[in-house]
Amino acid sequence: MYVGRFVVVGPGIGAYRVSSRSFPNRQVVERDGTLTVAPTSDAPPTDNPYVSYNCLRTVEQSGESLAVVGNGSHVDPIAEKVGMGYPARDALALSLLALDFEKDDYDTPRVAGVVETHGATIATVRRDALVVREVAEPTLVATYEADDPEPFDLGATDAATAAREVYDHAYEHAVCAAGVTVGETVETSLVNE
Ligand SMILES: NC(=O)c1ncn([C@@H]2O[C@H](COP(=O)(O)O)[C@@H](O)[C@H]2O)c1NC=O
């Protein structure tokens, strides 16, 4: 099954995978704790505005670290609002509603999650809905097919294994992935193959 891009978040752990039929020549690159989806050097030029973006940012709120994951430019305002002290639910709802679904041929939903040490919140904005939900167990939301939050069997307890698990998932057209754990420290990891 092809579900496109997807987010998995649960308390203390999160992951993100790029799956893509149309833009497979992409990678995740890390700089100063931010993970960015970017074209590889051999990628054909494109004017599609939705294929390069920060997919994972870490942020401090009241001395606690949090991580934000998502499939587009909304990751930045979500992270900035969380950093200003907004609750995760509000940062997700405000940012996703402001930007709304992508204005491409598929009305591609925006998906995102916020990972806290002891909690997590998952969200999506589609043409027909805005869904924002606190979750107590690892939960997935994808751009296509699995476009409502659903339980996800994530066995990982570290960032590298989280990235690897979502990258290796049977959903089709894996391109690259990111993982994160949030606790006393934040660890990130990525997979490009
Ligand atoms: N975030 C991404 O990595 C991303 N990759 C592709 N898209 C959008 O989704 C459309 C469909 O892409 P695909 O056929 O690869 O699933 C693309 O034309 C583009 O508008 C994306 N936008 C949202 O997921």
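**Notes on the predicted model**

1. Helix H2, which runs over residues 88-99, has 12 residues and spans 17 Å from its first C-alpha to its last, close to the 16 Å expected at 1.5 Å a residue. Please keep in mind, here and in the points that follow, that this is a predicted model.

2. Which residues of H2 are buried? They are Ala88, Ala91, Leu92, Ala93, Ser95 and Leu96. As background to that pattern, an α-helix has 3.6 residues a turn, so residues three or four places apart point the same way. After H2 comes Asp100, and the phi of Asp100 is positive, near 60°.

3. Turning to the whole protein, the secondary structure amounts to 3 helices and 13 strands. The radius of gyration is 15 Å, close to the 16 Å that the globule rule gives for 193 residues, so the protein is as compact as a globular protein of that length. Taken along the principal axes, the box filled by the C-alpha atoms is roughly 45 × 35 × 30 Å.

4. Of the 193 residues in the protein, 47% are buried. Among contacts with a separation of 6 or more, 54% are made by residues 24 or more positions apart.

5. An unreviewed UniProt entry places the feature "domain: Inosine monophosphate cyclohydrolase-like" at residues 2-181.

6. The ligand is surrounded by 18 residues, and the closest are Ser20, Arg21, Ser22, Tyr50 and Asp104. By residue type, the shell around the ligand divides into 6 nonpolar, 8 polar and 4 charged residues.

7. Val186 lies in strand E13, which covers residues 186-192. Is Val186 buried or partly exposed? Val186 counts as partly exposed because 19 other C-beta atoms lie within 10 Å, whereas a buried residue needs 20 or more. Once neighbours within four places in sequence are left aside, Val186 is in contact with Thr58, Ser65, Ala67 and Val180. The C-alpha atoms of Val186 and Asp158 are separated by 10 Å, with the two residues 28 apart along the chain.

Technical notes. Residues are numbered from 1 along each chain as its sequence is written. This is a predicted model: local features need pLDDT of at least 70, side-chain atom pairs count only at pLDDT 80 or more; totals for chains, interfaces and linings use all residues. A residue is near a molecule or strand if its C-beta atom, placed from the backbone, lies within 6 Å of it. Ala, Val, Leu, Ile, Met, Phe, Trp, Tyr, Cys and Pro count as nonpolar, Asp, Glu, Lys and Arg as charged, and the others, Gly among them, as polar. Helices (H or I, at least four residues) and strands (E, at least two) are DSSP runs, numbered from the N terminus. The expected span of a helix is 1.5 Å times one less than its number of residues. A residue is buried if 20 or more other C-beta atoms lie within 10 Å of its own, exposed if 12 or fewer, and partly exposed in between; C-beta atoms are placed from the backbone. The radius of gyration is taken over C-alpha atoms; the globule rule is 2.2 Å times the number of residues to the power 0.38. Two residues are in contact if their C-beta atoms, placed from the backbone, lie within 7 Å. UniProt positions are given in the numbering used here, feature names are shortened, and annotations may be inferred rather than shown by experiment.
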